[in-house]
Amino acid sequence: MFALKRKTKGEALFDIANNLIMLCVCFLTLYPIWYVLVNAFNDGNDAMQGGIYWWPRVFSLKNFDAVFASPGIMQAMGITVAKTVLGVFVHVFFTAMVAYALSRKGLIGGKFYILLGTITLFFNGGLIPTFLLNRDLHLLDNFLVYIIPVMFSFFDLIIFMTFFREIPEGLEEAARIDGANDWSIFLRVVLPVSMPVIATIALFHGVYQWNDYFAGIIYVNNPDLQPIQTYLFRVVAQSSSNQMMVAVQGSSLTKSVTSQSIKLATMVVTTLPIVFVYPFLQRYFVKGMMIGSIKG
């Protein structure tokens, strides 16, 4: 039997202090989220009086009724889901394809291409040149403006390329002996064994696509093409209104919901989906960032 080492008084005090600090950090991180939830489920007029910190004082679902009664929110949610799913697929496939080519030792000019890509990590053309480029490509007020400009990321390419270089060369050699070409090797050999890094990059880009509101503000004027985060931005920007007219089954009904309560309810609706998904995929962040960091 091994004797348990008793902690000294100093070590015990350090552990207590460390636990208290961690509890404070957790509280400071989680309480703002809880505050938003509490006020979103509270009556808007009552919330104007203040003093709501832990539980709804006057529980009400009118804020969410007003949000879902808005004719644009479901359309915006559909656009967000569509651009997230399609954007993740295109981004992962295209970035992986380029990374696989650059990871091969026999690629002519490979080091030069990597150097050019590295420069783009520190410098870019800026907002105005990017806007003019998208305009010349006829991407303004086009759903593809959410997909094409971000279909490639050199940072994600580095993660892909590092993983591909660790794949045993014997797999590719065996495939070539069987008559497979480069496309067959990439699609049937490389991608199936690269699911950890694919899941990592998909998570990276999926979170970006879901949270992105800037593209909808700059490049899209058509309200039918605006994502849910841009919709949330519009709601938050309209802070001067204290009431809103809500269309319910073809008629207009004035509800006593404040702009602040509408903001909070909209924030809850737009963030809950990604909040529920993120904890199940968070482990891929750590695993993906550790790819290639240890040799042997």
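## A charge over a ring

The charged end of which residue sits over the ring of Tyr146? The residue is Lys83, whose charged end is 5.2 Å from the centre of that ring. A charge counts as sitting over a ring if NZ of Lys or CZ of Arg is within 6 Å of the ring centre and within 35 degrees of the ring normal.

## Basis and overall make-up

The model is predicted: local features need pLDDT of at least 70 and side-chain atom pairs count only at pLDDT 80 or more, while totals for chains, interfaces and linings use all residues. Residues are numbered from 1 along each chain as its sequence is written, and side-chain values use heavy atoms, with hydrogens and water left out.

The protein has 13 helices and 2 strands. Both are DSSP runs numbered from the N terminus, helices being H or I with at least four residues and strands E with at least two. Of the 296 residues, 34% are buried. Buried means under 20% relative accessible area, exposed means over 50%, and partly exposed lies in between (1.4 Å probe, protein chains only). Among contacts between residues at least 6 apart in sequence, 69% join residues at least 24 apart; a contact means heavy atoms within 4.5 Å.

## Aromatic rings

The whole structure holds 15 aromatic pairs. Rings of Phe, Tyr and Trp (its six-membered ring) pair if their centres lie within 6.5 Å; planes under 30 degrees apart are stacked, over 60 edge-to-face, and the rest tilted. One of the pairs is Phe93 with Phe186, which is edge-to-face because the ring centres are 6.0 Å apart and the planes are at 65°. Phe93 lies in helix α4 (residues 73-103) and Phe186 in helix α9 (residues 182-190), so the pair ties together parts that are 93 residues apart in sequence.

Phe93 is partly exposed, at 31% relative accessible area, whereas Phe186 is buried at 2%. Both belong to one aromatic cluster, which also includes Phe89, Tyr100, Phe160, Phe163, Phe164 and Trp183.

## Helices α7 and α10

Helix α7 (residues 154-165) and helix α10 (residues 195-211) have axes that come within 10 Å and cross at roughly 175°. The axes are lines fitted to C-alpha atoms, for helices over the stretch in contact, and angles run from 0 to 180 degrees between N-to-C directions. The two helices are therefore roughly antiparallel, the word used for angles over 145 degrees; under 35 is roughly parallel, 65 to 115 roughly perpendicular, and the rest oblique.

On the α7 side the contact is made by Asp156, Ile159, Phe160 and Phe163, and on the α10 side by Val197, Ile198, Ile201 and Phe204. These residues divide into 7 nonpolar, no polar and 1 charged. Nonpolar covers Ala, Val, Leu, Ile, Met, Phe, Trp, Tyr, Cys and Pro; charged covers Asp, Glu, Lys and Arg; the others, Gly among them, are polar.

## Loop residues

Val220 is in the loop between α11 (214-218) and α12 (228-237) and is buried, at 0% relative accessibility. Leaving aside neighbours within four places in sequence, Val220 has contacts that include Asp141, Tyr146 and Arg234. Val220 and Tyr146 are 74 residues apart in sequence, with their C-alpha atoms 9.8 Å apart.

Most residues other than glycine have a negative phi. Phi of Asp141 is positive, near 55°, and phi of His138 is positive too, near 60°. Asp141 lies in the loop between α6 and α7 and is partly exposed at 36%. His138 is in the loop between α6 (127-136) and α7 and is exposed at 64%.
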